[in-house]
Amino acid sequence: MSSSKWVYSFGGGSAEGKSEMRNLLGGKGANLAEMSSLGLPVPPGFTITTEVCTHYTSHENKYPETLKAEVNDALAQIEDIIGMKFGDAENPLLVSVRSGARASMPGMMDTVLNLGLNDETVKGLAKASGDERFAYDSYRRFIQMYGDVVMGIEHHHFEDILADHKDDKGVALDTELDAEDWKAVVSEFEAKVEAQLGKPFPQDPHDQLWGAISAVFGSWMNNRANIYRKLHDIPESWGTAVNIQSMVFGNMGDSSATGVCFTRNPSTGENAYYGEYLVNAQGEDVVAGIRTPQPLTIAEKAQNHSDLPSMEENMPELYQELCDVRDKLENHYTDMQDMEFTVQEGKLWMLQTRNGKRTAKAALKIAVEMSDEGLISREEAIKRIEPGALDQLLHPTLDPDAERNILGKGLPASPGAACGKVAFSAQDAEALVAKGEKVILVRIETSPEDIGGMHAAEGILTTRGGMTSHAAVVARGMGRPCVAGAGQLRVDYKEQTLTCAGQTVNAGEIVTIDGSKGEVMLGEVKTIQPELTGDFGILMAWVDEIRELKVRTNAETPEDAETAVKFGAEGIGLCRTEHMFFDPERIIHMREMILAGDEAGRRTALAKLLPYQRDDFTDLFTIMKGLPVTIRLLDPPLHEFLPTKDDEMAEVAEAAGTDVATVRARAAALHESNPMLGLRGCRLGIMHPEIYEMQCRAIFEASAKVSKDSGQTIVPEVMIPLVGSKQEYDIMHDMVQRIAKEVSAETGAELEYLTGTMIELPRAALQAGKIAEQAEFFSFGTNDLTQTTYGLSRDDSGSFLERYQEQGIYEQDPFVSIDIEGVGELVELATERGRKTRPDIKLGICGEHGGDPASVTFCHKIGLDYVSCSPYRVPIARLAAAQAALNAEKLIDA
């Protein structure tokens with residue numbers, strides 16, 4: 001239901017909105033209202049709600065009838081508080097127009113400052129401020145921003161005029177231009193607008209205001225906003241709010257400044273004030289990275305080896321006031337805040353606060369320390385960590401002992417190490433990644449248009465911009481390493497080169513960046529695996545106390561099993577035995593078995609494979625130390641093991657004592673039109689039981705050996721794949737039992753084991769009650785269950801899945817996050833029917849969905865016992881399982 005109120009005012013120590021209204025007011029508007037209510041110095045203004053955006057986009061860009069009157073009333077309120085009048089030639093009120101969606105979208109949406117200036121009001125501003133230079137500098141900024149954002153005139157037209165003017169005057173910096181220079185630049189800017197559009201720059205402040213409001217709502221649908229929303233799963237229907245606020249000026253001389261600060265360090269999480277500011281500047285100068293900012297604190301100055309004076313030294317009283325605001329806001333929001341401020345002629349104004357974006361490392365530290373400080377509970381600390389963000393912590397960093405050929409240094413803007421081929425544009429980066437290359441995106445400075453390339457790249461390097469520039473903020477949010485502001489390096493887009501101190505790197509050559517130290521290196525530098533201790537260990541211990549779902553891993557190599565155990569895996573949920581046969585020493589015997597003309601020949605070849613399989617399982621059981629290990633018997637069709645090239649066929653023929661024609665004939669005989677639905681899984685076991693017999697013997701001989709050697713009870717779980725009927729399962733179940741008895745008799749060992757099946761066909765889900773009469777566990781193979789439920793090939797659906805998502809047919813890729821309505825219903829149905837027959841049946845999932853947080857939540861909800869995922873996703877699944885348990889408790893309490 002739509003509200004009849006479209007505009008909410010704030011300022012002067014009160015507000016009509018509050019922080020809980022972020023869906024209606026957007027994040028920025030809700031926080032401005034909240035800061036006003038807290039009595040902080042917020043320039044007065046008003047917010048046009050997100051419902052107006054929805055109305056505007058769904059009614060052919062038309063506004064609600066009463067909106068204009070509400071905007072005029074709200075403007076009048078600002079005028080009363082400030083004592084200035086909008087459009088007044090003597091004492092003009094100027095405003096900023098900013099977007100503000102409910103989810104923070106840094107750099108995605110367009111901003112206009114100094115709105116209300118025209119050829120007459122600029123004179124009033126000069127008179128009122130007593131500073132003609134400042135007034136005309138503000139006016140040229142306004143024409144430049146408004147011309148770009150609202151009128152669609154490309155930024156470079158204005159930049160070229162400004163550069164030419166500075167060249168003519170023989171100066172390098174904007175600050176070296178005087179009032180007469182800015183007047184001349186303004187005239188040239190206005191002429192450029194008229195030349196480009198055939199109409200003059202708008203002089204009526206009300207026309208300017210509505211042009212800017214429409215531009216913000218229009219920008220909700222621009223390309224870069226659409227890309228960002230897609231990457232971050234932000235629905236288009238949310239819309240953006242518009243915040244209109246009286247201007248305060250950081251560019252009124254040396255007693256004025258503008259800055260961005262964080263209540264804690266967003267890269268490391270350290271409880272230290274962190275930020276940067278610029279004297280005599282406007283806010284976009286800091287964020288856009290056009291000038292190199294100064295450090296906020298003396299500590300940061302020392303850390304970054306800066307010789308620029310910090311705010312703590314330069315403006316000590318204002319810095320102390322900012323410290324008080326820091327404490328007040330962090331205690332109020334109980335989270336790390338990202339704040340923007342302006343100092344106008346010695347008075348501090350707060351322009352924005354929001355929960356700050358942070359790296360995974362910082363998020364962990366902040367959550368753990370805030371819990372220790374008593375600001376938040378342990379449960380809240382767990383909820384604060386985005387499970388997917390843990391990925392940032394689980395990947396390599398540079399080996400400190402590795403040799404480094406340092407090309408240059410910049411600011412450590414987003415931690416982690418990355419190496420790849422240099423690409424100088426987002427398009428080039430995306431093209432290289434599409435070919436399977438790893439890329440470092442190198443830009444002078446990034447802009448929102450670069451978002452696709454930034455997402456594709458392994459890491460980002462910019463030669464301009466600070467720790468709060470677009471590149472730094474976006475890279476931290478994406479978990480990409482980033483080095484920003486590497487001013488010693490020179491980028492030449494035309495020549496496609498990166499140069500420093502006489503060394504040149506061409507496009508396509510490899511560099512390494514260390515986002516934790518700000519270093520850029522030539523070539524590839526060795527990396528080391530992360531140590532998961534400290535805050536990670538503390539939080540994961542809390543997680544394990546709360547979660548109910550067990551987390552296992554998908555692993556068939558000792559390396560994967562060891563990695564998973566290190567990451568807290570509680571067993572192996574899927575060991576794919578087919579991966580064990582591709583080793584050169586084994587594949588030859590596998591092929592010999594496939595080419596054999598009869599069962600005796602197959603058994604001879606399988607006897608050669610048995611010792612390898614036994615050793616594989618011995619290694620896994622030893623590493624897992626009594627934890628459950630689910631072993632899937634051979635699943636893929638046999639033709640996958642046969643060669644396709646002539647020279648390989650000749651090699652196989654020689655080893656098998658036959659000719660190439662026989663090999664080719666056998667491959668042709670095994671060819672299937674649709675192998676995914678052909679002779680594979682348990683169908684292989686029924687047609688060629690000797691294959692599964694060898695595997696079961698290897699499993700039981702290994703478990704008997706490890707049990708005897710270690711004194712631990714090893715309980716392997718033997719999984720029959722692709723079962724679609726009770727009869728198939730029962731035949732295989734009896735075979736497993738027969739082999740277990742044989743091994744037990746031969747070794748004298750009392751074997752413990754479970755037999756179960758993978759539910760990956762819709763029919764198996766429907767027949768689960770009958771299958772469970774003998775099956776002791778089900779593992780839902782959601783990769784194949786998704787394919788067979790949708791009738792989709794995972795390998796071939798990429799060509800149209802994106803279009804399906806764009807058209808709203810599928811909300812998301814069903815192979816990434818489980819389809820709860822279809823595949824999920826089958827899993828739930830099989831769970832109910834299986835448990836009805838066998839109440840103690842063990843249930844889990846082992847598709848890649850096991851590491852997807854939304855799928856883990858679903859598994860918790862329907863009462864599965866465990867999820868299983870790839871080793872590096874184990875911590876993500878553990879955290880997601882704890883969050884699912886906490887959210888379920890919350891629902892029960894509600």
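Tutor: A helix here is a DSSP run of H or I at least four residues long, and helices are numbered from the N terminus. The model is predicted.

Student: Which helix holds E188?

Tutor: E188 is one of the residues that gather in a surface patch of negative charge, together with E159, D160, D164, D167 and D168. Residues 179-197 form the helix in which E188 lies, and that helix is α7.

Student: Which helix gives the largest share of the negative patch?

Tutor: The patch is made up of E159, D160, D164, D167, D168 and E188. Its largest share is five residues, and they come from the helix spanning residues 155-169, α6.

Student: Is E188 buried, partly exposed or exposed?

Tutor: Buried means under 20% relative accessible area and exposed means over 50%. The relative accessibility of E188 is 37%, so E188 counts as partly exposed.

Student: What is the distance between the closest N and O atoms in the salt bridge of K166 with D174?

Tutor: Side chains of opposite charge can pair when their charged atoms come close. The structure holds 59 salt bridges. In the one formed by K166 and D174, the closest N and O atoms are separated by 2.6 Å.

Student: What is the relative accessible area of D450?

Tutor: D450 meets R443 in a salt bridge, with 3.3 Å from N to O. R443 is buried, because its relative accessible area is 16%. D450 is buried too, with a relative accessible area of 5%.

Student: Why are K705 and D709 separated by about one helical turn?

Tutor: The side chains of K705 and D709 meet in a salt bridge of 2.9 Å, N to O. Both residues belong to helix α26 (residues 689-710), and their separation is about one helical turn because they are four residues apart.

Student: Is D709 buried, partly exposed or exposed?

Tutor: K705, its salt-bridge partner, has 44% relative accessibility and so counts as partly exposed. The cut-off for exposed is over 50%. D709 has 56% relative accessibility, so D709 counts as exposed.

Student: What are the edge strands of the open sheet of six strands?

Tutor: Strands of a sheet pair through backbone hydrogen bonds, either parallel or antiparallel. In this open sheet the order is β2-β1-β3-β8-β6-β7, with antiparallel pairing. Two strands each pair on one side only: residues 14-15 and 112-115, that is, β2 and β7.

Student: Which residue in β8 is the bridge partner of V95?

Tutor: Strand β6 (residues 95-101) runs antiparallel to strand β8 (residues 240-246), and seven bridges join them. Within β8, the bridge partner of V95 is S246.

Student: Which residue in β34 is the bridge partner of G844?

Tutor: β33 also pairs with strand β34 (residues 866-869), in the parallel sense and over two bridges. The bridge partner of G844 in β34 is Y866.

Student: How much accessible area do I81, I82 and M84 have together?

Tutor: M84 lies in the loop between α3 (67-82) and β4 (85-86). Its relative accessible area is 32%, so M84 is partly exposed. With I81 and I82, M84 forms a nonpolar surface patch whose accessible area is about 220 Å².

Student: Is N114 buried or exposed?

Tutor: N114 lies in strand β7. Its phi is near 65 degrees, a positive value in a residue other than glycine. The relative accessibility of N114 is 0%, so N114 counts as buried.

Student: What is the phi of N280?

Tutor: N280 is placed in the loop between β10 (274-279) and α10 (283-287). N280 is not a glycine, yet its phi is positive, at about 55 degrees.

Conventions
Residues numbered from 1 in each chain as written. Predicted model: local features only at pLDDT ≥ 70, side-chain atom pairs only at ≥ 80, totals over all residues. Heavy atoms only, no water. Patch = residues over 30% accessible without salt bridge, like charges linked within 9 Å, V, L, I, M, F, W, Y side chains within 5 Å. Areas by Shrake-Rupley, 256 points an atom, 1.4 Å probe, with all protein chains shown as cover. Salt bridge = Lys/Arg side-chain N within 4 Å of Asp/Glu carboxyl O. Lys, Arg positive; Asp, Glu negative; His and termini not counted. Charge placed at Lys NZ, Arg CZ, Asp CG, Glu CD. Buried < 20%, exposed > 50% of the residue type's maximum accessible area, 1.4 Å probe, protein only. Pairing = 2+ DSSP bridges.
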